[in-house]
Amino acid sequence: MAATPRQLEAISRHDVSMVVTAGAGTGKTFVLVEKYLNLVQDQGYRIRDVLALTFTDKAAAEMKERVRKTIAERLKDDPDNQVWKDAHEELVIAPVMTFHSFCAQILREFAIEAGLDPGFVILDEGQALAVEREAFETLIRKPPEEIQESLIRLLAQIEKFQVNQIMTTLAKNTDAFLQFAEDLAGDPDGIINAWEIFLEQVRTPVINQFFADTDIRDAISDFIRFEEVYRNKDDRAVRYLQQVCPYLYDLTPDAPPETLHKAAEEFLKIRPTGKLGSQKIWDNDDLIRFREAKTCLIENLEKAVPFFSLYIDKDSRFTASTITFFRDLALVAGYYFDLLHMLKRQANGVDFNDLIQLTREFLQSHQDIVARHIRPRYQYILVDEFQDTDPAQFEIITAIIGELQPGTRSLFIVGDPKQSIYLFRNADVTRFKEAQTRILSDCKGNLINLDTSFRSCREVIGCVNYLFSRIFASTEKPWEFGYEPIQVCDDRKASPGSITVLLPGKAPKGSERSETKEIEAGMVADLVHQIVSCGSFQITDRDGVMRPAGYGDIAILIERRTHLTRYTTALSRKETPFYVHGGIGFYSRQEIYDIYNILSFLLRPYDSAALFGVLRSPYFSFSDPLIYHILNVPGAKRRWSLYEKLRACAERFCTRPSEIEPSAEILSCSPADQELILRAARLLESWRNLAGREPVVPLVNRIIRESGILTIYGALEQGEQQAANLTKLLGIIRGRTEGGYYSLFDLVQDMMISIADEEREGEAALDTLSKTSVNIMTVHAAKGLEFPVVILPDMGSSREGKLGPILSGDHPHLYGVRIPDPDQDFDIKETPVYTALSLIQKEKESAERKRLFYVGATRARDHLVLCGKQPDKFYESVDKSNNRIDWVCTLFGITKDIAEEGGVISIDPEDGGKPIDITILTDPDQLTRMWAQEALPPLTLPDEYAKLSGTRKRGLYSDMPDEKATIRPVPVTDIGLLGKATGHEETIHQVTIPGGSHLLPDEIGTLLHHIFSGKDTKSVLVSYGITSPEAESFCNTLYQRFCSTPLIRDAVRSFQEVSFITYSGNFPVTGRIDRLIQDSRNEWAVIDYKSGDKTGAELQLNVYRIAAEVLTGQPVRMFLYSMKTGEFTEPRFLSDEEIHVALKRYLGK
């Protein structure tokens, strides 16, 4: 392809170092390859002189292959070109590699100088984990005398597994913690002073912003004014004001943080229920303002309280305990680091983290070797995906190049900070901003933003520009980056595309929370089925050819794998082929989660989250209302865990009524629920008593046997697979116990790591199966890929990363922990530094969630579908909203009415072209209407949203005379109840099934419809309580006779159970066509099966005909098939007027 002006500048300019920001689809790899070759062709570099660093083997291989192909093409055009001849010969040694491969190469070459054995091996993750486990077990079981007291004090304050997590975290950067330990031993007051400076830096901007907010200031003033005006009135609102106003007087900009914190906490503790303020006492405007001010103060103080708490009381026992904890931790961690180092030496191995850290240390401490051997070797450095670097990796680059100064012209970094989504791997996007600043200022370098997308059509680019120019509006924080809109390349401007928002409603009140997820998954599966079966999504392939989208063109990109099985199950029900990249991970299976939760609970009985999952699992099958009753058991103390409350419930049920104190409250539960509670308490207590005493394999066997879980799985649809997975898990555990002592703690830790690793798999590899099936993968795995149709589901979910027991900051003195507070009855409390670091981490995670949304949306070439449950609340700004679907609704101006109604709205992409339509669908029936090629009527947006999303058009049902009477579609099956509506009805004798005498006629009809739709005959019969071979043979004969009829046998296309919504006048009618076929003459026909009564069939078939004619755009014939006789009949053609009159009669009834 021809380079754009900005691409050409990045490729051909070599007089300065460069930072290239490359948005999704803007030709980043093309620029890297062309830059690489331009250095060889025009600047006289040899292939071996240019070091190209990437972050994945896939990216390195792709770049190398592109370079090879380009050189081969240029040699073909100019066979005598010596530059390309030499380049072709040197390609085999071209230094195009990942950071880890480069580090391994350096360390092997200079192993002696780096303090390593030249034959060292690289430990994989499993081997590294085994070394860490052995080091920790040695630390716990055989601690030397000099650390015993410190270790005991640590274990007295935090759990063993938390000590293990802390050691693992600290081992990733031992130098920083050892420096902290040294400074703490020498100058503890200096450490505290550093903490105070850091806390002030985090706290002050928030306090300043709080008091600069005019809404907050006005709310405080109004509260104080209202308290004075209504002071003598007998009113709940006035009493509330009298309680809280003393604390508002303490909320001043110059108050110390201790005062602000106490005042805010005391204010928030006062929470009267119900609406405050009597209209008889209050002036109406005052009352409205009071309630607004109350909401404003509560919302803003809740956000500010954590920041108000960022101060250190030097004289408190908690501060003294914190210093003592870190002193003990320094001793224990120092010994653990030594153990880890010794064990790795014995194995002659280094792990992936060591590769980076050791290379950095070697390069920084041996600059003489770098100057003589390494810097002359690599005269130019290209870095791909620079936004994913961690601090150590950038230090490696600068150690090779040397001091960054105006003469430094040999650094070229490419990245997109908006695509930095690996915070969990310590990839900090702030490094991109820091490196960019250093290159631009120290090197006097150049910044180029690639601004043209070669991937996506105008609709997708317009939507992305519209959303993310607003989502990325803030650039105040180091981890925030602005958004520069990109334009569509000329080749893609005319390509058709679409933006669809699915907003499925919630499950009915009283349903389980999971049912809402299943509704969403079902709607996504319906959409996929409709896309392919109806061919309504036109895509443009890379050759510019338009065609309907197939299954392999569709990608469902999930943020995490938690709800993966819901989508695979929904797709399976629609018989849609799908391919899960990375597989449906073994540790991501629900049955593995369930046994993990049980083991986690047995290890830590206070883990209420684990027990909650256990009780809701098939092991105990507690309903949410039952768990709610347990959580609110009368007499429970404030700090009781869920397990303690469960035991309290069980004890009440075991107590004789005569022994219950008259004043005691009784927990109201049905006998069945009481039995569930007693059984759970008995089994869990039994297993808990054996945990740690019985080896893990017999313990897991016991849990499986005593719970009866295999019997339960036997009755489930996927029970056989679930049982097999438990057997596989037992085999894995048994294999690990053969290597030596393997405790319950080890098992839980290994399972936790395995589950986490499956959540964070790397890039997906596209194989043959993925090209013919719907692709399902995480957004992380999709990075670097593109698909014609992208569906982003589950956008209504919010997630926050789980923080570990220790956090660290950029400065070596910044470490925070959670430890018991002797001033608060030894409750676990965060140190102020931990709180500050956690607040920063949450802000970083919030920013990364926005970037994760951006990465998912920009994978789409032609069609983008955004899906999430209808929001509970609609917000005015992105900052106040909670999740991705909230952002979408806020920015598109989707109100509650619009979300419930569905329709089409328009946005202005501000590219000089026409507005882009956004289709909003809220239920599966609207999907069918869309595929019926009847455009959804545009929606009207309220005036206050006009600036956000465009002009209002008309409502979904605004053309109907009586909106309330006609808004609900009429089921076509109900129309059959009209009987002889048209006066042309006959009767078909009822089919009887051998062994099915217990079935009603309607049940027989439904059973046979299932079989005629292609489902397994035996499975269908069993579900209706029929097991006789005669029945199976009878039903198969009926179906085979139908399939062998000329009408079906000669059909070139056949669709079963086709959902639709069609209209007769203003009346919407919904239903499913039994079968829609197309013959060799390109003529269409609908077929309705009947197993008995034919009442209403003529009217129903005519409705099917109307729907099919809209779907196909052609005339459609009608056939009624008698399952009893095997004969087809053609019903009478009814006019639109006749159908309309019949529908009016139905509605009249």
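Q: Why is R271 called partly exposed?
A: In this predicted model, R271 has a relative accessible area of 42%. Buried requires under 20% and exposed requires over 50%, so R271, at 42%, is classed as partly exposed.

Q: What makes R271 and E302 a salt bridge?
A: The side chains of R271 and E302 come to 2.7 Å, N to O. The cut-off is a nitrogen of Lys or Arg within 4 Å of a carboxyl oxygen of Asp or Glu, so the pair qualifies. The two residues belong to distant parts of the chain, 31 residues apart: R271 sits in the loop between α14 and α15 (284-308), and E302 in helix α15. E302 is partly exposed, with a relative accessible area of 41%.

Q: How do you know that D810 and R431 form a salt bridge?
A: The closest N and O atoms of D810 and R431 are 3.2 Å apart, and a salt bridge requires these atoms within 4 Å.

Q: How many salt bridges does the structure have, and which residues are linked in a network?
A: The count comes to 64 salt bridges. K28, D384, E385, D388 and K783 are linked in a network of them.

Q: Why is G25 called buried?
A: G25 is at 17% relative accessibility, and buried means under 20%, so G25 counts as buried. G25 lies in the loop between β1 (18-22) and α2 (28-42). Beyond its neighbours within four places in sequence, G25 is in contact with T452, S453, F454 and R455. G27 lies in the loop between β1 and α2 and is buried, with a relative accessible area of 17%. An unreviewed UniProt entry lists both G25 and G27 under "binding site", along with A22, G23, A24, T26, K28 and T29.

Q: What makes K850 a buried residue, and where does it lie?
A: K850 is at 15% relative accessibility; since buried means under 20%, K850 counts as buried. K850 lies in helix α34 (residues 832-857). Leaving aside neighbours within four places in sequence, K850 is in contact with F468, I471, F472 and W887.

Q: Which residues line the largest cavity?
A: The lining consists of P417, K418, I471, F472, S474, W479, E480, F481, A847, K850 and R851. Helix α34 supplies the largest share, 3 residues. By class, 6 are nonpolar, 1 is polar and 4 are charged. The largest cavity holds about 110 Å³ of space.

Definitions and conventions: Residues numbered from 1 in each chain as written. Predicted model: local features only at pLDDT ≥ 70, side-chain atom pairs only at ≥ 80, totals over all residues. Heavy atoms only, no water. Helix = DSSP H or I, 4+ residues; strand = E, 2+ residues; numbered from the N terminus. Buried < 20%, exposed > 50% of the residue type's maximum accessible area, 1.4 Å probe, protein only. Contact = heavy atoms within 4.5 Å. UniProt positions renumbered as here; feature names shortened; annotations may be inferred. 1 Å grid on protein atoms, 1.4 Å probe; cavity = no way out; pocket = protein on both sides within 12 Å on 5 of 7 lines; lining within 4 Å. Points joined across faces, edges and corners; volume = space filled by probe spheres on them. Nonpolar A, V, L, I, M, F, W, Y, C, P; charged D, E, K, R; others polar.
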